[in-house]
Amino acid sequence: MSDEELRQAITLIRGGNLDQARQILVQIIRAEPNNDKAWGWLIETLEDEDDRLKTIEQWLKVNPGSPVARKAMEVITARRIAQAETTSPPPPPLPPEHPPKPLPQMPQRLPQTAPLKPKTPAKKKKSPRWWRITVRISAILGAGLILGIVSFWLWQTYLAPFFVITTPSPPPPTPTASVTPDVGATATALILGGVPQTPEAVLPTLSIRTPTPAATPTIQVASEFAPITIENATELQPIQQLAVGGYAVFSPSWNFLAVANSNEIEIWDAKGEKTIFILGNHTDTVTSIAFSPDERLLVSGSKDKTVRLWDLTKMMEIRQYDPSRPDLVEKASRQHPDAGYAVAFSPDGLRIAAAMPGFLAVWDINTAAELFVREGAVGEKLAFSPDGSILADAGEGIVQLWDASNGDKLHLVPSVQDESGAPSLAFSPDGITLAFETKDEQGMQNISLIETKTWRPLNTCRGFETPVAGVAFSIDGSILAAGTQGSIRLWDALTCTELVTLEAGDINGLIFAADGRRLVNDLLIYAIPATSASQPVPEGAQPELVQGGLPKAYNPWNPSQGALFLTPAGGWLYFFTSKEDSWTLWKSGGTTVSTQPIADLPIKGLYASAAIDNTLYLVAFQENGWAIWKSDGTDQGTQKVKTFDMNKRFYTLLPVDQALYFTVLDNVNGGELWRSDGSERGTVLIRALGGGTEDLTELVLVNNTLYFPAFNLNKLSVQLWKSDGTRTGTMMVKELPSITTKLFRYKTFLTNFNNNLFFVAPDPTQGWGLWTSDGSAENTRPIKTVLPFSVNAALTNLTAMEEALYFTALAEDNSWELWKSDGGPDGTILLIRQKPGRQVIPPGQLTSLKNTLYFVADDGAYGAELWRSNGTAETTMLVKDIARGGRSSMPSRLTVINNTLLFTVENGNSGEPELWQVSPDGTLRVFKGLVNDLARYQERLFFSADDPANPFDAGLWRYAP
């Protein structure tokens with residue numbers, strides 16, 4: 001069983017899902033009976049003290065030499081003795097409700113020198129008048145509060161859905177929000193605000209630099225469509241007609257639609273099937289709308305000559321923007337009475353631009369301050385460049401380019417279209433190219449491309465007899481699309497070679513979805529249906545059986561199946577087979593003829609394997625302990641290097657140059673760091689860390705220095721250590737902040753990113769965060785705190801890709817987050833957050849393919865499935881719901897070969913373990929059958945699976961994606 005499964009169980013325990021964690025830990029213990037860490041966490045899943053005691057007794061039977069088990073027995077025994085000794089007698093009975101009257105005299109409490117006086121009956125003391133008034137007022141207020149709560153509940157439950165909620169705001173209001181109950185999970189982020197507040201309740205300024213829970217990006221599910229590429233663009237077909245009317249704009253995540261319907265803005269779900277609410281303060285036709293990048297805000301322009309900002313979490317208008325030059329507004333209104341504002345959000349969400357014929361203005365979203373206002377704009381269409389540095393302004397047959405930071409005019413493209421129209425335009429995703437509509441001497445409407453740095457012409461894509469109504473680049477910038485009434489054309493954006501012409505109806509705009517799989521002509525969606533998962537793999541790509549008839553032994557302590565521990569070394573692929581108590585080492589050159597057994601080994605099981613040049617190393621479990629073995633691929637060259645007794649327990653190993661480094665737990669010396677050159681004499685102890693140190697489960701090499709963490713049982717803290725391979729050079733770097741609640745241990749996920757050490761760790765005074773270290777105590781420090789501290793929360797799965805670090809956060813409320821970091825505090829950002837309250841599995845098995853991050857996650861709706869992200873919230877989405885509904889396919893063993901991602905699933909729709917792949921052809925099933933170990937060798941995937949010719953045996957297979 002892998003460390004990944006143990007981490008999964010620990011995560012479930014911290015999330016409170018003890019039953020599921022217990023099942024995983026039992027499976028680990030069956031495979032690794034001496035896994036003290038699994039035993040220890042298994043005890044954490046048991047709430048009954050007797051069950052804990054019985055489990056520890058079983059632990060000691062299986063592993064009598066375990067110091068951890070003995071320590072656990074001492075702790076629980078001492079606790080039971082203490083409970084028995086401190087058991088107190090039953091408490092005295094409570095006094096009666098009406099106590100007896102006091103005795104007439106109590107001499108023991110009176111001064112001995114005071115003479116006794118006859119007692120007279122005491123009159124009942126009357127409460128002060130102010131007290132009686134206070135009690136009465138409190139009773140009235142309490143009754144009023146209860147009545148108010150009941151009334152509010154009745155309103156929300158039975159009456160509110162049938163009313164339109166109006167928000168007062170000058171000019172005279174129109175219906176503002178029509179709230180529909182139970183709109184589904186996709187609308188939750190927009191409805192968190194509940195009933196709208198009045199504008200007076202809103203703060204005068206709005207900060208969006210610090211995300212709030214309501215502003216957290218929602219999770220998008222990718223439809224089952226193939227990515228649109230130059231090669232398959234001819235296969236595009238209409239797949240959906242949106243049931244909305246008017247001018248429509250998708251939100252960045254494509255979870256919502258904003259529809260301008262006369263003077264109202266309707267917010268729809270992504271399928272265009274249900275209105276979530278209505279914004280209605282404009283008094284004339286809405287001409288332009290734009291979402292903020294985080295989908296929390298919406299800006300709108302209208303023919304009523306106003307620009308309004310809406311908070312979608314509260315379903316209300318929060319601000320109106322007015323240029324500091326009212327004379328320009330008056331002039332535009334007089335010369336263009338039917339004109340309305342064009343609006344746009346900057347890509348960072350910190351600025352709003354608005355324009356009408358004659359001027360444009362830009363405001364700061366946080367302070368509402370006007371950054372600049374400039375005359376001379378044509379003001380019918382606005383667009384920011386992807387980096388926010390350029391503002392394009394189109395209208396009256398021309399396109400103008402402005403500096404978005406100060407309003408300086410950068411470039412003018414004259415006479416691109418008839419003066420009566422506003423040319424369509426679009427920036428390429430990298431911002432290098434601007435595409436815009438032009439008209440040639442023959443009267444044809446074309447799309448011209450210029451380079452935005454030098455403004456030099458690049459190419460012209462020729463095309464239409466009527467004006468263009470929309471231009472768009474594909475997500476990777478390889479395809480340029482343009483539409484006119486009746487048709488849409490797609491070109492190769494570099495050569496302007498036409499790819500396909502699509503039939504279309506009315507066109508008001510054109511855009512590619514953020515997932516790169518859909519093209520939308522305003523209300524009509526085009527896509528390429530992906531290859532069905534039920535179809536076979538294309539001809540010539542089926543897996544081939546290399547070696548059949550391998551033993552398929554199984555017992556509760558060693559669930560071995562076929563070829564195990566597949567390890568490439570020196571041009572060969574090594575693997576092991578097991579039958580009862582015998583283990584056999586094999587090697588293969590990738591063909592049936594070259595696959596042969598090498599040697600039978602007197603071992604009981606395997607811990608790990610690794611390769612150094614032409615030598616295979618393995619750590620094996622024996623009758624009296626464990627040992628390191630090596631093999632050169634021959635029977636004579638397969639030898640035992642060194643044997644370790646039961647007092648030492650193996651942790652992990654790491655090949656570095658020509659040496660093998662590994663960590664050990666000694667019952668006396670605690671954690672130890674060892675090195676081996678492949679000989680018994682050269683297998684030596686580098687340094688013992690001292691009694692009480694354990695859990696040396698990580699080793700990483702950064703700039704020729706080994707780093708590893710150790711848990712100090714005496715101080716209940718995690719320590720960071722480093723080593724240069726010598727005793728004197730092996731030292732503790734720093735003791736990380738201590739967490740004394742229980743025996744709390746955490747995995748640091750030490751990671752080498754760009755030759756720098758990064759890891760995750762908590763600080764009780766700050767929270768869970770990303771840390772870095774250069775090997776010195778003073779520079780071992782947190783970079784950024786991303787999660788409030790709690791022993792039930794954690795940061796996990798720190799993984800280095802080529803361009804960034806990724807890691808996951810599991811919050812105390814059972815929600816998970818996916819984060820991305822460039823190694824600095826400002827570049828450490830949240831990509832996506834799953835809604836709280838569900839006990840689900842956080843993202844894991846992070847793997848990179850062509851700058852796309854793939855990972856396994858459970859969002860509480862689809863079970864544990866495969867997800868992907870291109871580093872933004874909008875591109876973070878489910879790849880495929882393999883085990884449909886709420887069931888989990890549990891993808892694992894993610895492996896990249898030839899631009900293809902391969903992985904195994906535990907429970908597809910067939911109910912059997914299978915091998916799947918993600919490639920340009922879609923998400924496909926490769927092999928149906930019990931798939932076990934797999935490895936990359938000779939640019940092919942080799943894996944162990946059932947032998948179809950003999951269901952009682954297994955086979956070694958190869959597959960070339």
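These are legends for close-up views of one predicted protein model.

**Figure 1. The whole protein, before we zoom in.** This predicted model contains 8 helices and 66 strands. Out of its 961 residues, 52% count as buried. The average pLDDT is 78, and 77% of the residues score at least 70.

**Figure 2. Two stretches to read with care.** Residues 531–540 keep a pLDDT under 50, and the model gives them 14 contacts beyond four places in sequence. Residues 554–559 also have a pLDDT below 50, with 14 contacts beyond near neighbours in sequence. Where pLDDT is low, the predicted coordinates should not be read in detail.

Figure 3. Which residues of helix 8 (residues 326–335) are buried? They are Leu328, Val329 and Ala332. Looking down the axis of helix 8, you'd see the buried residues fall within an arc of 100°, so they line one face of the helix.

Figure 4. Strand 13 and strand 14 pair in the antiparallel sense, with 5 bridges between them. For one of the partners, look at Val362, whose bridge partner in strand 14 is Phe372. The hairpin has 5 residues between the strands, and Ala368 takes a positive phi near 65° there.

**Figure 5. Ser346, tucked into a loop.** Ser346 sits in the loop between strand 11 (342–345) and strand 12 (351–356). Is Ser346 buried or exposed? Its relative accessible area is 1%, and buried means under 20%, so Ser346 is buried. A polar atom of the Ser346 side chain lies 3.3 Å from the backbone nitrogen of Leu350. Leaving aside neighbours within four places in sequence, Ser346 is in contact with Pro293, Arg351 and Phe384.

**Figure 6. A disulfide between Cys461 and Cys496.** How many disulfides does a search of the whole structure find? The count is 1. This disulfide joins Cys461 to Cys496, with the sulfurs 2.0 Å apart. The link of Cys461 and Cys496 is left-handed, with -75° about the S-S bond. Cys461 belongs to strand 22 (residues 457–464), while Cys496 is in the loop between strand 25 (487–492) and strand 26 (498–503), so the pair ties together parts that are 35 residues apart in sequence. Cys461 is buried at 0% relative accessible area, and Cys496 counts as buried too, at 12%. If the word is new to you, a disulfide is a covalent bond between the sulfur atoms of two cysteines.

Figure 7. Strand 2 and strand 29 (residues 524–527) run antiparallel and are joined by 4 bridges. Within that pairing, Gln240 has Ile525 of strand 29 as its bridge partner.

**Figure 8. Thr748 and what surrounds it.** You'll find Thr748 in the loop between strand 47 (731–735) and strand 48 (751–753). Thr748 is buried, with a relative accessible area of 1%. The side chains of Thr748 and Glu698 make a polar contact at 3.0 Å. Not counting residues up to four places away in sequence, Thr748 touches Glu698, Pro709, Val718, Leu736, Phe759 and Val760.

**Figure 9. Glu803, partly exposed in a loop.** Glu803 is in the loop between strand 52 (794–800) and strand 53 (805–810). At 33% relative accessibility, Glu803 counts as partly exposed. Its side chain makes a polar contact with the side chain of Tyr806 (3.3 Å). Beyond residues up to four places away in sequence, Glu803 touches Phe753 and Asn851. Glu803 and Phe753 are 50 residues apart in sequence, yet their C-alpha atoms are 9.3 Å apart in space.

Conventions:
Residues are numbered from 1 along each chain as its sequence is written. This is a predicted model: local features need pLDDT of at least 70, side-chain atom pairs count only at pLDDT 80 or more; totals for chains, interfaces and linings use all residues. Side-chain values use heavy atoms; hydrogens and water are left out. pLDDT is the predictor's confidence in each residue, from 0 to 100. Contact means heavy atoms within 4.5 Å. Helices (H or I, at least four residues) and strands (E, at least two) are DSSP runs, numbered from the N terminus. Buried means under 20% relative accessible area, exposed over 50%, partly exposed in between (1.4 Å probe, protein chains only). A polar contact is a pair of N or O atoms within 3.5 Å; within protein, one must be able to donate a hydrogen and the other to accept it, and residues adjacent in sequence count only if both atoms are side-chain atoms. A disulfide is a pair of cysteine sulfur atoms within 2.5 Å. The arc is that of the directions from the helix axis to the C-beta atoms. Two strands pair if DSSP finds at least two bridges between them.
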